[in-house]
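Biologist: I'd like to go through this one with you, a piece at a time. Can you put it up on the screen?

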Amino acid sequence: MAKKAGLDTPAMLVTTQKTEAIAFKKEHTSIINKSIKDSFTGTFEGIYYYNHTERVSDEILEKLDEEFFPTLFQEEIPKAYELRVIFVHEKMWAGAIMSQSDPKTSLDWRNYNHQNPNRIVPYKLPKEVEEKIRKFAQLADLNTGAIDMIVSKDKRYVFLECNPNGQISMVSEKCNYPIEKYIADFLAKS
């Protein structure tokens, strides 16, 4: 749906087959893995994996079983920073997450560094990106959501995913946006 809306997306593969994962890795300079279910928890060779993005090396692929639980692999796109975009009907708020300066959060800002948190600042999306997000929301039949995007080092806006259950507080608090008030006012008028 994001592609249909005109949004840039990374190459993706959901598979259960080691051979497909290896072939996908050969097509891209670097790939990452995102769990598609919270059950992806545990330790593998001293690394704890829990619902975060992880870089997938050739060595990890070689150690996979021939068949495994459905897994999402994605082309890794070098990023300048990450965006969280909240939309409620036609209204949008965006926050830029400055995760790249910290090795702990550079691949995924959700690998929180509580001692030195990432800066999150208000961000103005280009009009054409806002329109594509509106088109996506229409195609997905969503009136609210939290979109994760990146701005690549070559200045592309790349859609990663939409969380339809919200998760607005981070952007609302850090960027001083009145999102909760907007929602309350919207519901009061309904």
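This is a predicted model: local features need pLDDT of at least 70, side-chain atom pairs count only at pLDDT 80 or more; totals for chains, interfaces and linings use all residues.

Biologist: How many helices and strands does the chain have?

Modeller: Helices (H or I, at least four residues) and strands (E, at least two) are DSSP runs, numbered from the N terminus. On that count, the chain has five helices and 11 strands.

Biologist: What span does α3 reach from its first C-alpha to its last?

Modeller: Helix α3 covers residues 127-140, which is 14 residues. The expected span is 1.5 Å times one less than the number of residues, and for α3 that is 20 Å. The model comes close to that, at 20 Å.

Biologist: Within what arc do the buried residues of α3 fall?

Modeller: Buried means under 20% relative accessible area, exposed over 50%, and partly exposed in between (1.4 Å probe, protein chains only). In α3, the buried ones are V129, E130, I133, R134, F136 and A137. They line one face of the helix, because seen down its axis they fall within an arc (taken from the directions from the axis to the C-beta atoms) of 160°.

Biologist: And which exposed residues sit on the face of α3 turned away from its buried side?

Modeller: The buried side has cover that includes β7 (79-88), β8 (91-98), β10 (144-152) and β11 (157-163). The face turned away from it carries K127, E128 and Q138.

Biologist: How many of the residues of β10 are buried?

Modeller: Two strands pair if DSSP finds at least two bridges between them. β10 pairs with β7 in the antiparallel sense over nine bridges, and six bridges join β10 to β11, also antiparallel. β10 is largely enclosed by the rest of the structure, so the count of buried residues is eight of nine.

Biologist: Which residue has its side chain joined to S99 by a polar contact?

Modeller: S99 is in the loop between β8 and β9 (119-123), and is buried with a relative accessible area of 0%. A polar contact is a pair of N or O atoms within 3.5 Å; within protein, one must be able to donate a hydrogen and the other to accept it, and residues adjacent in sequence count only if both atoms are side-chain atoms. Here the contact is 2.8 Å, and the partner is E82.

Conventions: Residues are numbered from 1 along each chain as its sequence is written. Side-chain values use heavy atoms; hydrogens and water are left out. Contact means heavy atoms within 4.5 Å.
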